[in-house]
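Here are a few exercises on pockets and helix packing to work through with the model open in your viewer. Try each task before you read its solution.

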Amino acid sequence: MSGGLRLEIEAGVGVVTIDRPDVRNAIGLATVDELESALDHALESGATVLVLRGAGERVFVSGGDLKELGAIRTYDDAVGMASRVRRVLDRVAAFPVPVIAALNGHALGGGAEVAIAADIRIAADDVKIGFNQVNLGIMPAWGGAERLAQALGRSRALLAIATGEVYDAPTAQRLGLIDVVAPRASFDAEWHNLARRMAGSAPGTTRAVKSVIAAAAPSLHPEHEAGATDAFARLWTAEAHWEAVEALMEARRPS
C-alpha cells in the first residue's frame, strides 16, 4: 500500500510532499514508513534544508487516517501506533539540518503535530492550524503536546489543546505557532525562496546552527513518551472516542 509520499532534491533543498488527496493528506502507517525512508535518503543526499509540505492548496495534513487507524482497537496497539509515529516525528525534529513546514493548507490534529515537529513554519495567509484532537475524545501523542508547550508556553499550550481551538494564520503567528505568513498568491515562491536562501549559506552552516539551537532548546522529550502514549491509548480505546469518530464519519458520508 502506497503511503502517498514523495521526495525531491534540488540545489541542496529536499522537499517531502504528502500527496493523498482521497484522505485529505491524512497520515497512514505506510506514510510513516515512507517518511522515515525519505529522511534517510535526504540525509544521504547531503541536503542542507528539508521542507515538509502537503499536495494541493487545501490541506497540509488533516491528521491520522481514521479509516485505516480505526482498525486499532486495543490499548497495546494504540500505544504501539502512537510510539511509532512519535519516533518518526522525533527524527524530523532531530534532523541535523533545518526543517521547514510549508503549510500549503490546513494543519489539524495530527497535522499540527507534524508541523510543530519542524523547526520553522511558513503558512499561506488563508491557512488554519489547531491541535483539535479533543473533538475526537483524544489528545496529541506524537510529541506535539510537549513541543507546543515549548513553543507557546505551558498555559497557552494547555488552552490550545484542551479547547481544540483552530487558529487562523495571523493569530497563529502572533502566538508563535507560525513563523512566517505569506499571501496565498506568492506562497509557493516564498517558501521556495526561504529554503533556497538557507541552503545557499556556506557549507556546513545550517548543520552547525541547527546543532547549537537544538542544544539550547531541545525539541526531543523521550522521557515523556511513556506517559503521553499511555494517556493517549486510554482515550483512544474509550467509548467516547469511537462515538466521536462514528459521528465524524457519518457527517462525511454523502447523503
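**Exercise 1.** Find how much space lies in the largest pocket, and what lines it.

*Solution.* Keep in mind that this is a predicted model. Start with the volume: the largest pocket holds about 630 Å³ of space. Next, look at the lining, which is made up of 30 residues. Nearest the centre of this pocket lie Ser62, Gly64, Leu66, Leu136 and Arg252. Then turn to the helices: at least two lining residues come from each of α2 (66–69), α4 (110–117), α10 (225–236) and α11 (239–252). Finally, sort the lining by class, which gives 16 nonpolar, eight polar and six charged residues.

**Exercise 2.** Describe how α5 packs against α6 (residues 154–163).

*Solution.* First take the geometry: the axes of α5 and α6 are 7 Å apart, at an angle of about 130°. That angle makes α5 oblique to α6. The handedness comes next, and the crossing of α5 and α6 is right-handed. Now list the contacts: from α5 come Ala145, Leu148, Ala149 and Leu152, which meet Arg154, Arg156, Ala157, Ala160 and Ile161 of α6. Sorted by class, the contact of α5 with α6 has seven nonpolar residues, no polar ones and two charged ones.

**Exercise 3.** Work out how α4 and α5 cross, and which residues make the contact.

*Solution.* Begin with the axes of α4 and α5, which come within 9 Å and cross at roughly 55°. The two helices, α4 and α5, are therefore oblique to each other. Their crossing is left-handed. On the α4 side, the contact is made by Glu113, Ile116 and Ala117, and on the α5 side by Gly144, Ala145, Arg147, Leu148 and Ala151. The class count for the contact of α4 with α5 is five nonpolar, one polar and two charged residues.

Note on methods: Residues numbered from 1 in each chain as written. Predicted model: local features only at pLDDT ≥ 70, side-chain atom pairs only at ≥ 80, totals over all residues. Heavy atoms only, no water. 1 Å grid on protein atoms, 1.4 Å probe; cavity = no way out; pocket = protein on both sides within 12 Å on 5 of 7 lines; lining within 4 Å. Points joined across faces, edges and corners; volume = space filled by probe spheres on them. Helix = DSSP H or I, 4+ residues; strand = E, 2+ residues; numbered from the N terminus. Nonpolar A, V, L, I, M, F, W, Y, C, P; charged D, E, K, R; others polar. Axes fitted to C-alpha atoms, helices over the stretch in contact; angles between N-to-C directions. Parallel < 35°, antiparallel > 145°, perpendicular 65-115°, else oblique. Left-handed = near helix turned anticlockwise from the far one by under 90°. Contact = heavy atoms within 4.5 Å.
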